[in-house]
Amino acid sequence: DKGEYRHYMAKEIHEQPEVVGRTLAHYVDMAAGRVMLPEALPFDFARLTRVYITACGTAFYAGLVARYWFEQIARLPVEIDVASEARYREAPLERDGLTLVISQSGETADTLASLRYAKSQGQHTLSVVNVPTSTIARESSVVMPTLAGPEIGVASTKAFSCQLTVLLCLAIAAGRARGTLDAAGERRLIDALIRAPGLMAEALTHEGAIEILAREVAKARDVLYLGRGTSYPMALEGALKLKEISYIHAEGYAAGELKHGPIALIDESVPVIVIAPHDAVFEKTVSNMQEVAARGGRIVLIGDAKGAAEHGLETLATFTMPAVDAMVAPIVYAVPIQLLAYHTAVFMGKDVDQPRNLAKSVTVE
Ligand code: F6R
C-alpha cells in the first residue's frame, strides 16, 4: 500500500527515519552507548587479518562505504569486489577468515554464488540481508538483518540506508574487539548514530527545493557525481540511482580522478553533483569544484552550512544538510541523492517503481 504517496519509491524514501531508527534499536544499547550484536559471532574480529566483502549494485556501494568504516574505525583491511567478479576470480581466501555479503533480497544469484565459494574456502560468512527467510540468510553462518521492511520499488532506497546502519554498527563492534576504539570513542559514535533518524527527517525537508532542481537535471544528457572518502561510493550510488530510473547517463567518480579523464566532459550542459560534507577531505573536494567551475561546469553541492560558507564558488544549487559526524554522514546524505533521482524521473514521466529492463530480484546471473 502506497498510502499517501504516488510511488512506492517515495514512500520508502520517506520511511527511512523510522526504519533506520528501528534497525538502530536492534543493534544499539542506547543507554549504555554501545553496540549490542544480537548474536554471538563464531569468529573473533581481533584475530582477523582482513574482511572480504561482496555484493551487487546498491548493496555493493554500501559495502564500499563500509570499507572506509572498517579501515578507519577498526584498522581492519577490507577487500571488496562485485559479486559477479568475486564468484569467478577464485580469489585465495584464508581458512577461518570472514566474508561479508550484503543483499536486500537475499536471493541475488551472483552474491549467493560468492557466498558459497567463500564457504568452500573455509571462510566464516556474515550476511546483511533484508529478507530473513532468504537463501543467503539461510546459508550464512551469521545473519544481521536490516529491518527496513519489504522494499517494493525496484530502486533500492531504505534497504540501502539500513545496510549502512548495520555495517557501521558492525565496524564499531570490530573496533571495540580490536582495541582501536575505546569506550569513549564508541559512545561518541553511538551518540552521533542515534541522531541519524532525526537528521534524515531534516534532510527530507529539502524535498521541495530538490524537486525544483530536478527540472534542470531532467534536461541533461549526462550528469557527473563526485565525492571523496565515504562520499565517493555515495557518488557512485547517486549516479546509479539517477540512471536506473530516469535513463539519463550518469557517472560517479572519486573527485580526485576528475583530472585523469572525466574533466574532458565538463561544459555548461553537464550538471556536476558534488557530495561533500565538511569532513577531513572537504578542502580537497573544493579544489575539484574549482576545476569544474573554471570550465563552465554547473555545480550542485550537497553539503552542509560550514562547507557552503567556505567554498566561495557559484553553484546551480546548494542543498544544506544538517551538520553530522563525518562517519555517519553517508546515512543522512543518502536522502537527497535518492530524492534528486526520484524527482528527476517523475518530472520526465518515467515509471520510477518499475524501470524498464530491471527486476527487483536478480536470481539469474
Ligand atoms: C539499485 C538496485 C540494485 C540492487 C542489486 C542487488 O537500486 O536495487 O542495484 O541493489 O541488484 O540486489 P540485492 O540487494 O537484492 O542483492
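The model is predicted. The whole structure holds three aromatic pairs. Around the ligand stand 14 residues, and the protein covers 89% of the 410 Å² of accessible area that the ligand has on its own.

**Aromatic rings**

- A pair of aromatic rings is described by two things: the distance of the centres and the angle of the planes.
- The search of the whole structure gives three such pairs, and one of them joins F43 and F45.
- The pair of F43 and F45 is edge-to-face, with 5.1 Å centre to centre and 90° between the planes.
- Both of these residues, F43 and F45, are buried.
- F45 also pairs with F70, and here the arrangement is tilted. The centres are 6.5 Å apart, with 35° between the planes.
- F45 lies in the loop between β2 (34-35) and β3 (51-55), while F70 lies in helix α3 (residues 57-74), so their pair ties together parts that are 25 residues apart in sequence.
- F70 is buried, as is F45.
- Through these ring pairs, F43, F45 and F70 are linked into a cluster.

**A charge over a ring**

- The ring of Y247 has a charged group over it: the charged end of R356.
- That charged end is 3.8 Å from the centre of the Y247 ring.

**The ligand site**

- Of the 14 residues that surround the ligand, the closest are S103, Q104, S105, T108 and E244.
- S156 takes part through its backbone, with an N or O atom 2.9 Å from an oxygen atom of the ligand.
- On its own the ligand has 410 Å² of accessible area, and the protein covers 89% of that.

**Two buried residues**

- E15 sits in the loop between α1 (8-14) and α2 (16-27).
- Is E15 buried or exposed? E15 counts as buried because its relative accessibility is 16%, and the cut-off for buried is under 20%.
- Setting aside neighbours within four places in sequence, E15 is in contact with A148 and K158.
- T285 belongs to helix α12 (residues 282-294).
- T285 has a relative accessible area of 3%, so T285 is buried.
- With neighbours within four places in sequence left aside, T285 is in contact with R228, A255, V274 and A276.
- T285 and V274 are 11 residues apart in sequence. From C-alpha to C-alpha they are 8.3 Å apart in space.

**Positive phi angles**

- Most residues other than glycine have a negative phi.
- R75 is not a glycine, yet R75 has a positive phi of about 50°.
- R75 is placed in the loop between α3 and β4 (78-82).
- The relative accessible area of R75 is 58%, so R75 is exposed.
- D96 is another residue other than glycine with a positive phi, near 70°.
- Where is D96 found? D96 is in the loop between α4 (83-89) and β5 (98-103).

Notes:
Residues are numbered from 1 along each chain as its sequence is written. This is a predicted model: local features need pLDDT of at least 70, side-chain atom pairs count only at pLDDT 80 or more; totals for chains, interfaces and linings use all residues. Side-chain values use heavy atoms; hydrogens and water are left out. Rings of Phe, Tyr and Trp (its six-membered ring) pair if their centres lie within 6.5 Å; planes under 30 degrees apart count as stacked, over 60 as edge-to-face and the rest as tilted. Buried means under 20% relative accessible area, exposed over 50%, partly exposed in between (1.4 Å probe, protein chains only). Helices (H or I, at least four residues) and strands (E, at least two) are DSSP runs, numbered from the N terminus. A charge sits over a ring if NZ of Lys or CZ of Arg is within 6 Å of the ring centre and within 35 degrees of the ring normal. A residue is near a molecule or strand if one of its heavy atoms lies within 4 Å of it. A polar contact is a pair of N or O atoms within 3.5 Å; within protein, one must be able to donate a hydrogen and the other to accept it, and residues adjacent in sequence count only if both atoms are side-chain atoms. Accessible areas come from the Shrake-Rupley method with a 1.4 Å probe; for residues, only the protein chains shown count as cover. Contact means heavy atoms within 4.5 Å.
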